[in-house]
Amino acid sequence: MGNDRKGENIPYRDVVKFDFHGRQRQVWRSFGIIGEPVFVPRAGHKLPSVDSDDDDDGYVLVQLYNPATHITEFIVLDARRVSDGPIARIPLKHHVPYGFHGSFTSECFVTP
């Protein structure tokens, strides 16, 4: 989470993925202000060791507030191809105040 745009003062605009082993960088530039990106493992995926090439088998979920429309969306990015942009967008009917931290759990705490 950062701002990859020179000369802008809005701090949290872009998702930046950096591969420390390959020294490669991917950036998805949002059109608003994002909350903390959260990694969500692909269904049935067991998290590997840090040295594995399979450590990004899943998705990046990001809360995005669009100040132009005053609407919040949840953005889903493929964790392996962050630069490709959203594979899904879930717009809400209203805005959610953007926050700094995010979290993910595979458990459901609300009874449907």
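This report looks at the salt bridges, strand pairing and nonpolar core of a predicted model.

## Ground rules

Numbering starts from 1 along each chain as its sequence is written, and because the model is predicted, local features need pLDDT of at least 70, with side-chain atom pairs counted only at pLDDT 80 or more, while totals for chains, interfaces and linings use all residues. Side-chain values rest on heavy atoms, leaving out hydrogens and water.

## Salt bridges

Side chains of opposite charge can pair when their charged atoms come close. Searching the whole structure turns up seven salt bridges (a side-chain nitrogen of Lys or Arg within 4 Å of a carboxyl oxygen of Asp or Glu). One of them joins D57 and R80, at 3.8 Å from N to O. This pair links distant parts of the chain, 23 residues apart: D57 sits in the loop between strand 4 (38-41) and strand 5 (58-66), and R80 in the loop between strand 6 (71-78) and strand 7 (86-91). Strands here are DSSP runs (E, at least two residues), numbered from the N terminus. D57 counts as buried, at 12% relative accessibility, while R80 is partly exposed at 34%. The cut-offs are under 20% relative accessible area for buried, over 50% for exposed, and partly exposed in between, with a 1.4 Å probe and protein chains only.

Next up is R89 with E73, whose closest N and O atoms are 2.9 Å apart. E73 is buried at 9% relative accessibility, whereas R89 is partly exposed at 45%.

D84 and R81 make another salt bridge, with 3.7 Å between the closest N and O atoms. D84 is exposed at 58%, and R81 is partly exposed at 45%. Salt bridges with shared partners also join K17, R42, D56, D57 and R80 into one network.

## Strand 5 and its neighbours

Strand 5 is mostly covered, with seven of its nine residues buried. So who does it pair with (pairing takes at least two DSSP bridges between two strands)? Strand 3 (residues 33-34) pairs with strand 5 in the antiparallel sense over two bridges, and I34 has L64 as its bridge partner there. Strand 4 also runs antiparallel to strand 5, over four bridges, with V38 partnered by L61.

Strand 6 pairs with strand 5 as well, antiparallel over eight bridges. In strand 6, E73 is the bridge partner of L64.

## The nonpolar core

In soluble globular proteins, nonpolar side chains tend to be buried together. Here the largest nonpolar core has ten residues: V15, W28, I34, V60, V62, L64, I75, L77, A79 and V82. The term covers a set of buried Ala, Val, Leu, Ile, Met, Phe, Trp, Tyr and Cys residues joined through side-chain atoms within 4.5 Å. Strand 5 and strand 6 are the elements that give two or more residues to this core, and the largest share, three residues, comes from strand 5.

What does V62 touch? Leaving aside residues up to four places away in sequence, V62 contacts V15, I34, G35, P37, E73, F74, I75 and L77 (contact being heavy atoms within 4.5 Å).

Conventions. Pairing = 2+ DSSP bridges.
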